[in-house]
Amino acid sequence: MSTSYATILQRLCRDYTNHRMPFDEYRTRRKAVLEKVDEQFNGVYGPLVGMDVKGGTQAGKKIAESLKMFYHVAHIGDVRSMVIHPASTTHSQIPSEDRAKAGITDGYVRLCIGIENADDIIADLSQALDQI
């Protein structure tokens with residue numbers, strides 16, 4: 001596949017996520033971050049994707065529970081695709097306001113993209129996003 005996972009997921013999730021900054025500002029910041037990552041990690045870095053879905057806790061939890069091929073676990077760094085909704089799992093005991101200060105919104109979902117077939121990953125994510 002010629003398109004990266006990140007690009008595919010960005011396009012797929014665009015309509016379901018909360019955009020917190022103008023696109024030009026996002027593009028500028030993203031470029032600076034990617035340049036720093038490339039410098040520090042020689043262009044080799046993991047397939048982590050975080051998204052803040054519209055609909056808050058209920059929507060974030062629904063996505064995590066609806067994914068069929070993603071493992072619902074708290075760790076990352078496996079070859080399998082994984083998902084977690086921190087507001088309803090690992091960070092559920094922290095007040096929403098405190099989580100937000102740390103950048104963990106109620107609708108935040110973290111994905112770790114594994115080595116499964118890209119089309120299968122996209123299909124699974126699509127069906128989960130369609131449920132919110």
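Which side chain makes a polar contact with the side chain of Gln-131? The side chain of Ser-66 does, at 3.2 Å, where a polar contact is a pair of N or O atoms within 3.5 Å, one able to donate a hydrogen and the other to accept it within protein, with residues adjacent in sequence counted only if both atoms are side-chain atoms.

## Basis of the model

This is a predicted model, in which local features need pLDDT of at least 70 and side-chain atom pairs count only at pLDDT 80 or more, while totals for chains, interfaces and linings use all residues. Residues are numbered from 1 along each chain as its sequence is written, and side-chain values use heavy atoms, with hydrogens and water left out.

## Overall layout

The protein chain holds 5 helices and 4 strands, which follow the order α-α-β-α-β-β-α-β-α from the N terminus; helices (H or I, at least four residues) and strands (E, at least two) are DSSP runs, numbered from the N terminus. Of its 132 residues, 30% count as buried, a term for under 20% relative accessible area, with exposed meaning over 50% and partly exposed in between (1.4 Å probe, protein chains only). Among contacts with a separation of 6 or more, 70% join residues 24 or more positions apart, contact meaning heavy atoms within 4.5 Å.

The largest nonpolar core has 16 residues, of which Met-51, Ile-63, Leu-67, Phe-70, Val-83, Val-109 and Leu-111 touch the most other members. Such a core is a set of buried Ala, Val, Leu, Ile, Met, Phe, Trp, Tyr and Cys residues joined through side-chain atoms within 4.5 Å. Two or more residues come from each of strand S1 (48–52), helix H3 (56–66), strand S4 (108–112) and helix H5 (118–129), and H5 gives the largest share, 4 residues.

Within H3, the buried residues are Ala-59, Gly-60, Ile-63, Ala-64 and Ser-66, and they pack against S1, S2, S3, S4 and H5. Two of them, Gly-60 and Ile-63, are also among the residues that Val-109 touches beyond four places in sequence, a list that includes Met-51 and Val-83 as well.

## The surroundings of Ser-81

Ser-81 lies in the loop between strand S2 (71–72) and strand S3 (82–84), yet this residue is buried, with a relative accessible area of 0%. The side chain of Ser-81 makes a polar contact of 2.7 Å with the side chain of Glu-116. Beyond four places in sequence, the residues that Ser-81 touches include Phe-70, Tyr-71, Cys-112 and Ile-121.

Arg-80 lies over the face of Tyr-71, at 4.1 Å from the ring centre; a charge sits over a ring if NZ of Lys or CZ of Arg is within 6 Å of the ring centre and within 35 degrees of the ring normal.

## The salt bridge

The structure holds 1 salt bridge, defined as a side-chain nitrogen of Lys or Arg within 4 Å of a carboxyl oxygen of Asp or Glu. Asp-106 and Arg-99 form this bridge, their closest N and O atoms being 2.5 Å apart. Asp-106 is partly exposed at 24% relative accessible area, whereas Arg-99 is buried at 6%.

## The segment after H5

Gln-131 lies in the segment after H5 and is partly exposed, with a relative accessible area of 38%. Leaving aside neighbours within four places in sequence, Gln-131 is in contact with Lys-62 and Ser-66. Lys-62 is 69 residues away along the chain, while the C-alpha atoms of Gln-131 and Lys-62 are separated by 7.6 Å.
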